[in-house]
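Dear colleague,

I am passing on the structure that we spoke about, together with notes on what was found in it. Please look at the sequence and the model first and then read on.

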Amino acid sequence: MRGAFIGFGNVAETTHLPAWRQVGDMKIVSVVETSPPRREAAQRLLPGVRLHDSVAALLETDRPDFVDVCTPPSFHAEAVCAAARAGVSVMCEKPLALTREQMSSILEASQKALVYPIHNWKFSPQMTWVREQVEKGVIGEPLLFTWRTLRVASDKGTKDSSPDWRTRPEIAGGGIVFDHGWHAFSMALGVLKQKPSRVSARLRTVREGLPVEDTASLRIEFERADAQVFLSWAAGVRRSEGEVIGREGVLRVDDQQVTLSLGGTVKGRTFPEALSARSQHPDWFLPVIEDFIAELQNPARRGRALAEAEHCLALALGAYTSHHHGGEAIPVADTGCDRSVAG
């Protein structure tokens, strides 16, 4: 299968490309990129690659079998819809969409081709092991999922192309809720395997001058469980941690280590790398590709990841709605308000 990158920034170069090079029967042959330095990087790293300055030009001349959308968020929906409507399968970085209208357009386009959102954190070794234990029933029915993402600042984009895009609401759609929040939502959904019903949130801008929220505290009500999420780009420390509390035991994630507390005994497992060790995770992307291929090959599986992205968007929008209502719990379906929370 012939593939194309739409956007060739940090995530494409350092995370996606190394993984694609390990997949023998799928090859990146084209790149859509408008930044001259990033076009040069693509040519250097992908000798012979065909370059295009628009998605329309790519679809008109090369017609790949799939595209891997790696642009900043504000460009996702347009690229996804254009490719899918042309019958080209799509992978897309998170957040898949920023508004309900964008998601509606993507769902319509997905009737013509597979649309697969990239939720790589749930494929990390630590969360894969946690999810497997929950699915085996080791800790019994899960009652509570907690997650804390602590960072000293937001991650930067490529230095030659909008390095601060994560803190620019016109590009990112919001602040930390649309960034690390989306990761936390997808992990909670993957572990609990339940539909969210209500969300409440308190959002703050701690660092002076930022036009978006850099700290968020959220509670999500599911059908038979709850989730509590805390996120900050102003924490003074870099760390990722959480737990899943079940009726019979507890699984705790402490960055590099996962412990299982069951029946008065505690067993630990240490993984080669901490979750917060770096921003790029090429080893997590291989299982993402495998899941994408599984949806391509098995029509019965199609739409699972896309449905998860629908819930992630609803939770993100619901968090902003709740914030503007003083932290009130908001039904997940009742979303859609101004996402500015600076001040």
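Predicted model: local features only at pLDDT ≥ 70, side-chain atom pairs only at ≥ 80, totals over all residues.

Residues are numbered from 1 along each chain as its sequence is written, and side-chain values use heavy atoms, with hydrogens and water left out.

Sheets and the helices on them

Helices (H or I, at least four residues) and strands (E, at least two) are DSSP runs numbered from the N terminus, and two strands pair if DSSP finds at least two bridges between them. On that basis there is an open sheet of 6 strands with parallel pairing, in the order β3-β2-β1-β4-β5-β6. Its edges are formed by β3 (50–52) and β6 (115–117), each with a single partner strand, so one side of each has no neighbour in the sheet. Neighbouring strands here are turned by 25° against each other on average, direction ignored; axes are lines fitted to C-alpha atoms, for helices over the stretch in contact, and angles run from 0 to 180 degrees between N-to-C directions. Strand β5 (residues 89–92) runs parallel to β6 and is joined to it by 3 bridges, and C92 has P117 in β6 as its bridge partner. Helix α9 lies across β4 (66–69), β5 and β6, and runs at about 150° to β5.

An open sheet of 9 strands, with mixed pairing, has the order β14-β13-β12-β11-β7-β10-β9-β8-β15. Because β14 (265–270) and β15 (330–331) stand at the edges with a single partner strand each, one side of each is left without a neighbour in the sheet. Within this order, β7 (residues 142–150) and β11 (residues 239–246) pair in the antiparallel sense over 8 bridges, and R148 stands opposite E241 in β11. Helix α6 lies across β7, β11, β12 (249–254), β13 (257–262) and β14, running at about 175° to β12. Helix α10 also packs on the sheet, where it touches (contact means heavy atoms within 4.5 Å) β8 (196–204), β9 (215–222) and β15, and its direction makes about 50° with that of β8.

An aromatic pair

Rings of Phe, Tyr and Trp (its six-membered ring) pair if their centres lie within 6.5 Å, and planes under 30 degrees apart count as stacked, over 60 as edge-to-face and the rest as tilted. The whole structure holds 10 aromatic pairs. One of them is W20 with F285, whose ring centres are 6.2 Å apart and whose planes stand at 75°, so the pair is edge-to-face. This pair links distant parts of the chain, with W20 in helix α1 and F285 in helix α9, 265 residues apart.

Pockets and cavities

On a 1 Å grid over the protein atoms alone, a cavity is a set of points where a 1.4 Å probe fits but cannot get out, and a pocket is an open set with protein on both sides within 12 Å along at least five of seven lines; lining residues have an atom within 4 Å of a point. Grid points are joined across faces, edges and corners, and a volume is the space filled by probe spheres set on the points.

The largest pocket has a volume of about 1,000 Å³, and of the 47 residues that line it, V11, C70, T71, P72 and W165 are the closest to its centre. The largest share of this lining, 4 residues, comes from α4.

The second largest pocket holds about 450 Å³ of space, and of its 17 lining residues the closest to the centre are K122, G190, K193, R304 and E308. Here α10 gives the largest share, 5 residues.

By this rule there are 2 cavities of 30 Å³ or more. The largest cavity, of about 60 Å³, has W165, F178 and W233 among its lining residues. The second largest cavity, of about 30 Å³, is lined by K122, M127, R131, M187, G190 and V191, and α8 supplies the largest share, 3 residues.

With best wishes
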